[in-house]
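Take the model one region at a time.

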Amino acid sequence: MQKIYADFIHALRQQGLPISPAETLDALRVVELLGPKNREQLKQGMGLVLAKNVNDKLSYEHLFEQFFQFAETVEGDSAESQSVASEPYADQASKADEDGGEAGPSPQSELGQLLMSNRAGATEVAIAAAGDAEDIQNMQLFTQKPLYAFRMMNRMGNEALNQELSELDASNELADRRLAAGLRRAQAALQEQLRDYVEQQYLLYAQAKGEQLRENNLQAIKLTNVDYQYIEQMSRLVRKSAKRLASLHSRRRKTKKRGLLDVRKTIAANAAYDGILFHTRWKSTRIEKPRVMVICDVSGSVSRVARFLLLFLYSLQDVLPRTRSFVFSSDMAEVTDQFESLDIEQALAEVMAKWANQSTSYDKALADFSELALKDVDQKTTVIMLGDARNNNGPGRPDIWQKVYRQAGRVLWLNPEHINSWDSGDSIMASYRPYCSQVHSCNSLRELERILGNLLKHS
Amino acid sequence: MIIKHGEKIASPSIIQQAFEKFGYICSDAIATAVYLSCQLQKPILVEGPPGVGKTELAKVTAKYLGAPLIRMQCYEGLDEAKALYEWKYGKQLLYTQLLKDQLGDVMRGARGLDESVERLHTFGDIFYSEQFLQERPLLQALREPEGAILLIDEIDKSDQEFEAFLLELLSDYQVSIPEIGTVKARSKPIVFLTSNNTRELGDALKRRCLHLHIPFPEPALENNIIAAQVPEMDEELRRQLVEFVHELRQMALKKVPAISESIDWARALLLLNVSQLDQKWVGDTLNLLLKYQDDVEIVEPELRKLLNSVNK
């Protein structure tokens, strides 16, 4: 019994529900309390301890239905066959014997006996047992389905059955032939049933695993190489990692009631109370969140990455509420308001339509930036540039970037190209590089997340 | 929590029926959650849109079990001093002033600093003892001799630090006060936490709780709820009202009407002697259902269509 619930929880985890051992124990206690009689109640009760947000609840409910569809028949039938002393089955079996010829030969192999016993419950129990023995939960890919079906069939004693069948075929007795035909039919039916079982197990355990594998790969893959069909999935991932950053770093930092006692201020504050220390004053260090300005190149040369960078930029506004965002190809424009007022799809579409895919001019863009925002750059500001520094052979105005560097607290340059291709062709990374606190090559989601995580941590 | 009447929480359906008598119509999921929470001694985290009866659930449970309800409203900046305990600074100050002379008497004749300090030590921590302790809701709930219902309302509004502070309380039903020691619950309270999901709560907190999500109710359930809350209302009008509100919830509004708003609206319609939903009455009372002018402007042009589908 417990094994079934443990399997269920394993399947839930495969679907991405974060279930801890403590919650597993809770779930078992819930089962104990509610009992398996009332299915709907049990579903709700276990849902209370296993699924802890609305999305998880939906996948939980879906999986519950899927999982206990099969498990129920196995459980129910095995319980019955044990408790009711299997009288009705005995009747049926004897009837089947009569149909199959009076006192005809009975199959010798184990599987044959099982098939001829005509007990649906028993075969399902046997299938489930074979599945367990073959570790069907560890199935990873859909190509493994036939393999598992084959192995399980063998585990159930298919070889012995085949042996027996060929022996029966060789015999000249009519009864033997009849038995062989019956066994063949039963064997085919069993195979069908087994394939269904494997299919179901695949849906329960392996499908989500494949998804996870793909998500992991997508995170590590170069942004320039992401296939168009994965863009949907990718944007979900971008949002996910931005959210992770947000939950890690959006803590409000306050140290008012703690810290070191500020003796001087405490004495001053209590002068009115006859020198009795009534109010305490604490020395606290306020940690300022960085003011960030992000400049994103959306020109033709980085067009493939630009979408993701913008996506990340958009999601980042939840983490860093005081982010100002700029985009440019040749003219630079501030898009903070668009990001704040529009929802993500609209904002991206508008930005891409208005500014993207034109030829790059860092000269013009940086000149614009110095007009737009240079006066607001101060020691508390972090400036992040997302761009490949490919400037169509223009000089690139590094003098402005130098000014930015002097005024800002920190200047980061994230280049989507690999470090080997910097300064090749029309890339003028070398002229900006001296005026950056850090330069990184950043061409996968994972790197982006790591760099920005660091930025937030050490701010 | 000492449950005086064990049979009161013997099964979810008993709870459901009893709540119905108090005018709180709940789904199976809610009854199961209350049942499990009582049996497993685990807090319930109730999430859902505003106005679906999250706070009401705690109130009705308290009423049903005959236990005191201790409520703590969370807000940004809530800290231990306001949630757990505080020293009565004023009293401490007053006492030190009054006892000044006595202190002088005690210290008189002491030779040297060492002896003075030695004598002071014999006082013990009088100024940090029970008499000077101001209990706040959490401590009060722990010290309630027969247990209590503790309602921690809108936990998502509090800071993350406070959430972390709650962990010890929720898993072991005890808290540590540095000057006094660990305070263990005399009898474990039943804890309800409510959240409107303005921010995602931490996994550690969620792990310790049963998670109950109360969605907007199905029309049939809402019909029952309004019947229980506004029994004088005509059945046909009630059906129309529930369907109308249900239709509104399908629209893309800033804030869709919740159950509490439908109840208010039902009361208003009753007061105005409305017998049938028509465009004039609905238009006049729409501001009871919709709390933003933008939403009213979206719904008004659609009124005729909505009413047609409801009145057929």
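Which residue of β9(B) is the bridge partner of E47(B)? The partner is H213(B). This is a predicted model, in which local features need pLDDT of at least 70 and side-chain atom pairs count only at pLDDT 80 or more, while totals for chains, interfaces and linings use all residues. Residues are numbered from 1 along each chain as its sequence is written, and chains are lettered from A and ligands numbered from 1 in the order in which they are written.

Strand β1 of chain B covers residues 44–47 and runs parallel to β9(B), with four bridges joining them. Helices (H or I, at least four residues) and strands (E, at least two) are DSSP runs, numbered from the N terminus. Two strands pair if DSSP finds at least two bridges between them.

Now take in the whole sheet. It is open, has five strands and pairs in parallel, in the order β2-β5-β8-β1-β9 of chain B. β2 (69–73) and β9 of chain B are at the edges; each has a single partner strand, so one side of each is left without a neighbour in the sheet. From one strand to the next, the twist averages 20°. Helix α3 (residues 54–65) of chain B packs on the sheet. It touches β1, β2, β5 (149–153) and β8 (190–195) of chain B, and its direction makes about 170° with that of β5(B). Touching here means that C-beta atoms, placed from the backbone, lie within 7 Å. Angles run from 0 to 180 degrees between N-to-C directions, and axes are lines fitted to C-alpha atoms, for helices over the stretch in contact.

Next comes a helix pair. α11 (residues 219–229) and α12 (residues 235–250) of chain B pack at about 130°, with axes 10 Å apart. Among the contact residues are I226(B) of α11(B) and V242(B) of α12(B).

Turn to the chain contact. It takes 22 residues from chain B and 24 residues from chain A. On the chain B side, α2 (28–40), α5 (89–98), α10 (203–207) and β9 (210–213) each supply at least two residues. The largest share, seven residues, comes from α2(B).

Finally, find A180(A) in helix α10 (residues 174–220) of chain A. With 21 C-beta neighbours inside 10 Å, A180(A) counts as buried (20 or more needed). A180(A) touches L165(A), L168(A) and D169(A), leaving aside residues up to four places away in sequence.

Methods
Contact = placed C-beta atoms within 7 Å. Buried ≥ 20, exposed ≤ 12 C-beta atoms within 10 Å, placed from the backbone.
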